[in-house]
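Here's a quick tour for anyone new to reading protein models.

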Amino acid sequence: MVNQERAKAGCSPVAASEPLDALAGDFSEDMAKRGFFAHTDPDGKSPWDRAKKRGIKNLGGENIARGQADAKAVMDTWMHSPGHKANILNCDYKKLGVGVHFGPGGPWWTQDFGF
């Protein structure tokens with residue numbers, strides 16, 4: 001769905017990235033387990049701090065969402081949010097990792113984009 005939106009905007013597709021998938025998945029799980037919803041975790045770590053700790057040097061941006069039942073619903077939400085949409089349609093991004101954690105109070109969704 002991300003690449004479909006990018007194609008409409010004239011951007012090249014993003015490729016799946018295992019390191020970014022792991023970063024996004026772990027962050028979705030962390031938000032659920034520790035009961036927060038923010039880009040900065042309760043320890044004060046930003047997405048770039050978390051990426052650096054894993055040796056990821058090319059993080060460009062992050063989208064998060066909570067409560068949408070499926071991928072279509074979360075994409076619709078992000079595409080109606082200027083900041084999230086800007087990440088999805090940033091033609092400079094070349095890689096994408098996606099994570100979701102299903103559970104009570106969620107699901108928690110994360111997209112991490114890389115150069």
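M31 has contacts (heavy atoms within 4.5 Å) with F36, F37, A38, I64, W108, W109 and T110, once neighbours within four places in sequence are set aside. Keep in mind that this is a predicted model: local features need pLDDT of at least 70, side-chain atom pairs count only at pLDDT 80 or more, and totals for chains, interfaces and linings use all residues. Residues are numbered from 1 along each chain as its sequence is written, and side-chain values use heavy atoms, with hydrogens and water left out.

**More on M31**
- You'll find M31 in helix α2; helices (H or I, at least four residues) and strands (E, at least two) are DSSP runs, numbered from the N terminus.
- M31 is buried, with a relative accessible area of 0%; buried means under 20%, exposed over 50% and partly exposed in between, using a 1.4 Å probe and protein chains only.
- M31 and V98 sit 67 residues apart in sequence, and their C-alpha atoms are 14 Å apart in space.

**E62 and its partners**
- E62 belongs to strand β2, and it's buried at 7% relative accessible area.
- The E62 side chain has a polar contact of 2.8 Å with the side chain of H39 and another of 3.4 Å with the side chain of R50.
- A polar contact is a pair of N or O atoms within 3.5 Å; within protein, one must be able to donate a hydrogen and the other to accept it, and residues adjacent in sequence count only if both atoms are side-chain atoms.
- Beyond four places in sequence, E62 also touches other residues, including F27, P47, N87 and D112.

**The largest pocket**
- This pocket holds about 220 Å³ of space.
- On a 1 Å grid over the protein atoms alone, a pocket is an open set of points where a 1.4 Å probe fits, with protein on both sides within 12 Å along at least five of seven lines; lining residues have an atom within 4 Å of a point.
- Grid points are joined across faces, edges and corners, and the volume is the space filled by probe spheres set on the points.
- Which helix gives the most to the lining? That's α2, with five residues.
- Both α2 (18-34) and α3 (47-53) supply at least two lining residues each.
- The lining has nine charged residues, two nonpolar and no polar ones; among them are L23, F27, R34 and K45.

**Helix α4**
- In α4 (residues 71-79), the buried residues are V74, M75, W78 and M79.
- They're on the same side of α4 because they cover an arc of only 135° around the axis, taken from the directions from the helix axis to the C-beta atoms.
- An α-helix has 3.6 residues a turn, so residues three or four places apart point the same way.
- Those buried α4 residues pack against α1 (2-8), β2 (59-66), α5 (82-88) and β4 (108-114).
- D70 caps the N-terminal end of α4, with a side-chain oxygen 3.3 Å from the backbone nitrogen of K72.

**Loops**
- D43, in the loop between α2 and α3, is exposed at 53% relative accessibility.
- The D43 side chain makes a 3.1 Å polar contact with the side chain of R34.
- P107 is in the loop between β3 (95-101) and β4, and the peptide bond from G106 to P107 is cis, with omega near 5°.

Note on methods:
Ala, Val, Leu, Ile, Met, Phe, Trp, Tyr, Cys and Pro count as nonpolar, Asp, Glu, Lys and Arg as charged, and the others, Gly among them, as polar.
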